[in-house]
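I am opening my notebook on a structure that is new to me.

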Amino acid sequence: MTCKVRVHLAALLLLLLGQAGIAAAAAAADDCNDPAFATVLRPTPALPGASARQAVWLDARRLRWPGAAGEPGSRFVLLHAAEGGLQPRLGQPLPQGADTVPLQPATDATPPALAQRYRHVPAGLELVLGRSLAPRLPGLLPRLLRGQLLLARLDGRDRVQGFTPIQHAGALDALYAAAAEPQPLGVQPTRAGTRFGLWAPTARQVALCLYPDGHSPASRQLAMQRDARSGRWSATLPADLSGRSYRYQVDVFVPGVGLVRNRVTDPYAVSLNTDSQRSLVADLAAPTLKPPGWDRHAAPATVQHHTDLAIYELHVRDFSISDDSVPEAYRGKYAAFTQADSRGMRRLAALARAGLTDVHLLPVFDFASVPEAGCRTPAVPDAPPDSPQQQAAVMALAAQDCFNWGYDPLHYGAPEGSYATDAEDGTRRIIEFRQMVQALHRIGLRVGMDLVYNHTHAAGQQASAVLDRIVPGYYQRLDAAGAVERSTCCDNTATEHRMMARLMIDTVLRWAGAYRIDSFRFDLMGHQPRDVMLALQRRLRAATGRDIALIGEGWNFGEVANGARFVQASQLALNGSGIATFSDRARDALRGRGGLHEQGWLNGLVYDRHPQAPAERGRADLLHATDLVRVGMAGSLRRFRMTGADGRTLPLERVPYGDQPAGYVAEPGEVVNYVENHDNATLFDDNAGKLPPATSREDRARVQMLGAAVVALSQGIAYFHAGQDILRSKSMDANSFDSGDWFNRLDWSYQDNHFGSGLPPERDNGAQWPALRPLLADAAIKPGPAEIAWSRDAFRDLLRIRASSRLFRLPTAQAIVQRLHFHNTGPDQEPTVIVGQLDGRGLPDAGFDEIVYLVNADKQAHQLDLAALRGCGFRLHPVQAAPDAADRRPAAQARYDPASGRFSVPPRSVVVWVR
């Protein structure tokens, strides 16, 4: 988005009238109804000659200037201008009108806690405010931080030898956070009055703009009062203002812009009007905002341990936008989930009966990327399956259409308005969100949310930058030059700063308490401090009395990689925490990494080579992939021991996964197993490129279900992508976040998986078009209704098998070490078959004394002689032996000979034996 800061006449007057004109010009611009989201009251020119590395406040008294050094005769000062306008020139005297505060080089070592906290800041000169200033510090520092502030080095004649802006988050935390954290923020309407609170410690002044509704002119403007200890601004009006709208006017110095009046919504907003222009005054405990029975209803008690979780990841719009069994006004909305007789809800109810425990919703907090009023649906032409016409039509309207995944937060604690039947009425999204949760609970499914605290949609002076326009430079993570880090794709947040951490914790508590959310997934969780996630976990338990599962992406990359700024909430750092991360170990081994035809264990590595595979792979590659699949099935536990391909029996933490340990968790509840989710190509599309062209439709469906079977039978948390069970295709789109309804469709009538819906959007897939065209045009790849229906039912059987025994959901590492054993291992194994044995003796809820499962990825049947399993009296699992079992191969072709311990397993099948 482009910055649309409008410079008012007032800004020009300031330059002409000088200081005397400031108050008058500010008063003239003080208008709650001004359509501009920001007004520059006094521009501050750019700062040519400033140091490339900015100084950083470490705490309330100490600063570090990376790369700087003291020279004989030089001295250091803070330059301050309350209204901005400072523009030092190298080699020139200090600018007129600048206040100066002397600094002196630190004579003591950096305190260990500060040194650790700011280990990412390069070495340089450390400076402290002189002790002679100590009596003035309580009033001096807040004044300095509310205007333009620079650090300068002067020579003996007070000429500027160097200068730099200062990153002030450390000072703000040190000065204000302890006092601010207990203070209420946001809006609290009661019968006695309505209280407003906003944390804006660097603001010059803040006003509350009150509106009758989401579109009428302001009815009142009220100056808010600042608390010097906390930096919080507050106002109280003597009435319950529920139903009114509001926003804030924040006068604040913005580095690189000047003194600005920002008109901004509340970061703690509970709801908003259309397109988030105004916040709503609402009490979430009010009876009028609760659907009937809300206070009495409870989530289904289907989860005793986190390892019981079987999760279905679902996008609200995908769920119903193509479902003509849903009333048109409800399609793509929260309200679609209230339609118990729709095809989609009947499907979810069937999955719940089979053993699914949770639906995880892709972002449903308030996000920026979908117009809530007037979004458009493109007309997609009827074109060949490999045509570029479909994507051209979709992408022509991508910025105005009604679809996006929603990973671009505006307000973390408010429901997204595009999913409400009336986006203008901020109460509708609250009520309808709760109705959705209640409806899912009613059919036996708990509800999880995908949360995105690692970045915001925008920063700086962009219209959709909420946080950074209230406290510039605090909520976003900055690099050495003061630019916002963007390693997560967007403007990164700094959850290592205390009030950003508080915003995260407070809003998660709101979702858990006011909306009854049962579990949470954190996008790019590795960009957040481990300590903050642990604090959130503790607060959730204390506030709700529930053990709410926290799962997330623990990837290690970007400016925080390898603990560069703090101990991350990443894969290798959460052992023993009870917080789970997604495991890429088995996922990559199953699917294959890299290019379009680079195969994995699931889709033909070595044993069924694709003619266009990039390089000849050998048995050693297949053996290692098989070991990694076993690692995943053992819950990626560090101390589980397994005989590997080289014949050594080692703990899984000594099995290599690149430069990391393959086994990396302490307990099974700390790992999420998956083979497909919303990111990247679907498994069906991945297999379209990796399975040899001659692979039949039936076998393509079987390979898909083998991927689901590995997840279902693995120790840990099971995670499935919506539509994985019905061969979902996105027509080879590897990144469908903004690809519209066309490339993200789900068909609950089970007639079409939408493979061959045209070439995927050129933006992310264009380089692959020449290779994708022949695949999309190949009618033999696209499944028919028979294959889709078979997959639907086979997936449900897998859930039933997982739910049938505690042995597939063991809650502790000790239990897994004691009860799980792999056969057919070592250098002489048949690497296309995985054999796991589970001992259920003495275990409540085991259901069986013993279970043996065999997963055969090969297109050939195999016989394995397992002497250790002679004379055991195994029978086929009741689900697979039942006359209505979806997959008839196990009953028809699988065999067990107790005399020899020989198991016969059909091609591309999973067989479960019990006794």
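I began with cysteine 209, which is buried, with a relative accessible area of 0%; buried here means under 20% relative accessible area, exposed means over 50%, and partly exposed lies in between, with a 1.4 Å probe and protein chains only. Before going on I noted that this is a predicted model, in which local features need pLDDT of at least 70 and side-chain atom pairs count only at pLDDT 80 or more, while totals for chains, interfaces and linings use all residues. I also noted that residues are numbered from 1 along each chain as its sequence is written, and that side-chain values use heavy atoms, with hydrogens and water left out.

**Disulfides**

How many disulfides does a search of the whole structure find? I found three, taking a disulfide as a pair of cysteine sulfur atoms within 2.5 Å.

Cysteine 209 is joined to cysteine 32, with an S to S distance of 1.9 Å, and the link is left-handed, with -80° about the S-S bond. This pair links distant parts of the chain, 177 residues apart, since cysteine 32 lies in the loop between α2 (20-29) and β1 (38-43) and cysteine 209 in strand β11 (residues 203-211); helices (H or I, at least four residues) and strands (E, at least two) are DSSP runs, numbered from the N terminus. Cysteine 32 is buried as well, at a relative accessible area of 3%.

Next I looked at cysteine 375 and cysteine 402, which a disulfide joins at S to S 2.0 Å. The torsion about their S-S bond is about 95°, so this disulfide is right-handed. Cysteine 375 counts as partly exposed at 30% relative accessibility, whereas cysteine 402 counts as buried at 10%.

The sulfur atoms of cysteine 489 and cysteine 490 are 2.4 Å apart and form a disulfide, left-handed with -75° about the S-S bond. Cysteine 489 is partly exposed, with a relative accessible area of 47%, but cysteine 490 is buried at 14%. Counting bonded cysteines along the chain, I wrote down the pattern 1-2, 3-4, 5-6.

**Cores**

I then turned to the largest nonpolar core, which has 213 residues, and those with the most contacts inside it are Leu78, Phe196, Leu348, Phe520 and Phe522. By nonpolar core I mean a set of buried Ala, Val, Leu, Ile, Met, Phe, Trp, Tyr and Cys residues joined through side-chain atoms within 4.5 Å. Helix α10 (residues 498-514) gives the largest share of this core, eleven residues. A second, separate core of 16 residues includes Val833, Leu869, Val905 and Trp913.

**Strand β36**

Is strand β36 (residues 850-856) buried or exposed? Seven of its seven residues are buried, so I describe β36 as largely enclosed by the rest of the structure. Glu850, Val852, Leu854 and Asn856 point one way from β36, while Ile851, Tyr853 and Val855 point the other way.

β36 pairs in the antiparallel sense with strand β35 (residues 833-839) over seven bridges, and with strand β41 (residues 909-914), also antiparallel, over six bridges; two strands pair if DSSP finds at least two bridges between them. Leucine 854 of β36 stands opposite valine 835, and in β41 the bridge partner of leucine 854 is valine 911.
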